[in-house]
Amino acid sequence: MIQAIETILADIPTVRAHKLSVATMQSQTLVLVRIRCRDGIEGWGEATTIGGLNYGDESPESIKVNIDTHIAPLLLGMTADNVAACMARVRKVIQGNRFAKCAIETALMDAQGKRLGVPVSDLLGGRLRDALPVAWTLASGDTRKDIAEAEAMLEQRRHRIFKLKIGARSVEDDVRHVLAIKKALGDAVSIRVDVNMAWSELEAQQGIAALQAGGIDLIEQPVRSEQSAALARLSRRFTVPMMADEALKGPLSALSLVGEAAASVFAIKIAQSGGLVPARLAADIAQLAGVSLYGGTMLEGAVGTAASAHLFSTFDDLSFGTELFGPLLLTQEILAEPLVYRDFMLQVPTGPGLGIQVDMDRLDALRRR
C-alpha cells in the first residue's frame with residue numbers, strides 16, 4: 001500500500017553555462033519524487049525540466065504543487081504493486097502534467113523492481129544492451145571553448161558524439177560556428193545540431209543546406225513543435241536526417257508524426273512522453289514505421305537518467321545513441337554511488353529497481369527549503 005508521497009526540489013549549479021535558443025542555464029532544479037510503501041520499500045522518480053516555462057508548460061514549482069495537491073491524494077492507500085492500476089487512475093483524472101506523471105510512474109516501478117528483486121529494464125521487456133553510447137552537448141556558444149571542451153571529452157574517452165545548441169544567433173553565425181567545430185574535430189566524431197525550434201521554415205532551408213554540405217550528421221527540431229508539416233517538408237527536401245524532439249509528446253504525437261512522415265529520427269524522452277510506458281509505446285510506433293531512435297534527455301539528474309537508461313536498454317534500435325549526460329552537467333552528486341560513464345558509454349545499472357541509492361545527506365544539503 002502507498003503510505004506517503006514526497007516531492008523534493010533540489011537546486012544544483014551546472015559545471016558551465018548551458019545555452020539554448022530559449023534560455024541560458026546556470027543551474028538545474030531537480031524535481032524528485034519519493035514514494036514510501038507499507039512493506040518498507042520506497043521508490044524514486046524524477047520530473048526535471050529544461051529552462052522552466054521558457055521551454056515547456058510545466059515548471060519545477062508547478063510539478064511539485066500538482067503532485068502534492070492533486071496526484072498524491074489519488075494514490076495514497078492504493079496497492080503499490082499494481083503500477084498499471086495506479087497510473088490508470090492518475091491518467092484518467094489528471095490532464096496533461098506529463099512530467100509529473102513520469103516521476104510517479106518511475107517511482108512506482110523503482111519500488112516494484114525492488115519488491116521483485118529485478119531491474120526496471122526487466123519490467124519493460126528486458127534489456128538488449130548493458131551500456132549506451134552518450135552524446136555531449138556543446139552549449140557555451142563560444143567556438144574555441146566548445147572545441148577545447150570536445151577535445152577534452154575525447155581525451156577522457158567520455159564522449160565522441162557532440163550536439164551543438166544553436167538558434168540564438170543568426171543562421172549565418174550559427175552555421176559558421178558549427179562548421180568550424182566540425183572542421184576542428186574531423187570525421188572521427190559525430191556532430192549534430194539542435195535548433196530547439198528557433199528557425200522559420202525559410203531559415204531552416206538556408207541553414208540545413210549549409211550544414212548538410214558541411215557533413216553534419218543530424219538536425220534536431222529546426223522548426224516549432226506544432227509545425228509538423230514544415231518539418232515533413234524539410235525531411236523530404238534534405239538527405240541529412242531530421243529528428244523530432246519537442247514535437248514528440250507521447251504515443252499519439254508519435255503516431256501523427258509517423259503518418260506525416262515528418263522525421264526520420266525520434267528523440268524519445270520519458271518525461272516528455274508522460275512516463276516509461278508511454279515512452280515505450282512511442283518508440284514501438286517509431287520502430288514499426290521504420291523511424292530510428294535516439295535516447296533523449298531533459299537534463300535530468302541521476303534518477304531520471306537511470307530510469308531512461310533502463311528503458312533505452314530495451315530498444316531494438318538505438319542507432320543514433322543517447323544523450324544521457326545530465327548528471328555530468330551538474331556540480332553535485334546525489335547518489336551514494338554515481339552512475340558509471342566509461343569508454344564513451346553509460347553503464348546501465350544492474351541492481352533491483354533503478355539500481356541506484358539516493359544519498360539523503362547529500363540531497364538534504366541541496367533541497368530547496
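Which residues point one way from β7, and which the other way?

## Strand β7

S190, R192 and D194 point one way, while I191 and V193 point the other way, and all are buried (under 20% relative accessible area; exposed is over 50%, partly exposed in between; 1.4 Å probe, protein chains only). Strand β7 covers residues 190-194 and is mostly covered, with five of its five residues buried. Strands (E, at least two residues) and helices (H or I, at least four) are DSSP runs, numbered from the N terminus.

This is a predicted model, where local features need pLDDT of at least 70, side-chain atom pairs count only at pLDDT 80 or more, and totals for chains, interfaces and linings use all residues. Residues are numbered from 1 along each chain as its sequence is written, and side-chain values use heavy atoms, leaving out hydrogens and water.

## Its two partners

β7 and strand β6 (residues 161-165) pair in the parallel sense over five bridges; pairing takes at least two DSSP bridges between two strands. Here K165 stands opposite D194 in β7. With strand β8 (residues 218-220), β7 pairs in the parallel sense over three bridges, and D194 stands opposite E220.

## The whole sheet

Step back to see an open sheet of seven strands, ordered β5-β6-β7-β8-β9-β10-β11, with parallel pairing. Its edge strands, β5 (136-138) and β11 (292-295), each pair on one side only.
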